[in-house]
Amino acid sequence: MKKLSLRTRVVTGAVVVAALGAGTFGAMSASASSPAAAPAVAVKADTDNRNLQQTTHLTVAAATKAAQATLDAAKKENQRISVAVVDRNGNTIVSLRGDGAGPQSPESAVKKAYTAVSWNAPTSELVKRLEQAPNLKDIPGTLFLGGGAPVQVKGAPVAGIGVAGAPSGDLDEKFARAGVASLAR
């Protein structure tokens, strides 16, 4: 092995110390509470790019309106329910647990909403499909019981509303449909 000159060792050491210092400074700067500087070059999104896809999503205000309308419809019939509104991707936008609703109802409402938006169909309709494809019920996050309704724009699903807690899936779904209907007003 060749022995390095003093100058080479000093320069190499200085580079290592500078790199470690820059890394430490960078890590400290990245965790600082001040906002990061804007990038020097902004990236322009080309909406005509065929690699991009535009989707429609409910606003939080619209999802909240639908959830509240759902709770109100259930309250008129003395039912204690939970309601969930999920977006097209199944992410929860709003989840409300009504006064006196059972402890299992919030999770069931989310699953029913997810199931309705995933198949763009009311969950009561999907229950019938289990006869031909019983393995559908094994898909994680789904619940094939009445109580879920899709929210559609031009026939395409943009959200799902799920309800749980009423004594029957038919009632749950009736209240979910009331939430969907509130979005048309």
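Is E107 buried or exposed? E107 counts as exposed, with a relative accessibility of 53%. The cut-off for that word is over 50%.

The mean pLDDT of the protein chain is 85, and 74% of the residues reach at least 70. One stretch to treat with care is residues 24-31, where pLDDT stays under 50. For that stretch the model has zero contacts beyond four places in sequence. Where pLDDT is low, the predicted coordinates should not be read in detail.

Now the layout. The protein chain has five helices and four strands. In sequence order, the pattern reads α-α-β-β-α-α-β-β-α. The chain has 185 residues, and 32% of them count as buried. Take the contacts between residues at least 6 apart in sequence: 63% of these join residues at least 24 apart.

Next, salt bridges. How many are there by the rule used here? The count is five, and I will go through some of them.

Back to E107, then. E107 pairs with K111, and their closest N and O atoms are 3.3 Å apart. Both residues sit in helix α3, which covers residues 105-119. They are four residues apart there, so about one helical turn separates them. While E107 is exposed, K111 is partly exposed, at 29% relative accessible area.

Helix α5, residues 169-182, holds another pair, E173 and R177. These two are also four residues apart, about one turn of the helix. The closest N and O atoms of this salt bridge are 2.9 Å apart.

K137 is partly exposed, and its relative accessible area is 48%.

Let me return to helix α3 for K112. Is K112 buried or exposed? K112 counts as buried, because its relative accessibility is 4% and buried means under 20%. Leaving out residues up to four places away in sequence, K112 touches a list of residues that includes T123, L143, L145, V163, A164 and D172. Glycines are on that list too, among them G146, G147, G148 and G162.

R129 belongs to helix α4, residues 123-129. R129 counts as partly exposed, at 35% relative accessibility. Apart from residues up to four places away in sequence, R129 touches W119, A121 and L136. From R129 to F144 is 15 residues in sequence and 9.5 Å in space, C-alpha to C-alpha.

Last, the empty space. Rolling a probe the size of a water molecule over the atoms shows where such space is left. The largest pocket holds about 280 Å³. Which residues line the largest pocket? The lining is made of Q68, L71, D72, A74, K75, N78, Q79, R80, I81, G98 and D99. Sorted by class, that lining has three nonpolar, four polar and four charged residues.

To close, two things to look for on the screen. In helix α3, find E107 and K111, about one helical turn apart.

Definitions and conventions
Residues numbered from 1 in each chain as written. Predicted model: local features only at pLDDT ≥ 70, side-chain atom pairs only at ≥ 80, totals over all residues. Heavy atoms only, no water. 1 Å grid on protein atoms, 1.4 Å probe; cavity = no way out; pocket = protein on both sides within 12 Å on 5 of 7 lines; lining within 4 Å. Points joined across faces, edges and corners; volume = space filled by probe spheres on them. Nonpolar A, V, L, I, M, F, W, Y, C, P; charged D, E, K, R; others polar. Salt bridge = Lys/Arg side-chain N within 4 Å of Asp/Glu carboxyl O. Buried < 20%, exposed > 50% of the residue type's maximum accessible area, 1.4 Å probe, protein only. pLDDT = per-residue confidence, 0-100. Contact = heavy atoms within 4.5 Å.
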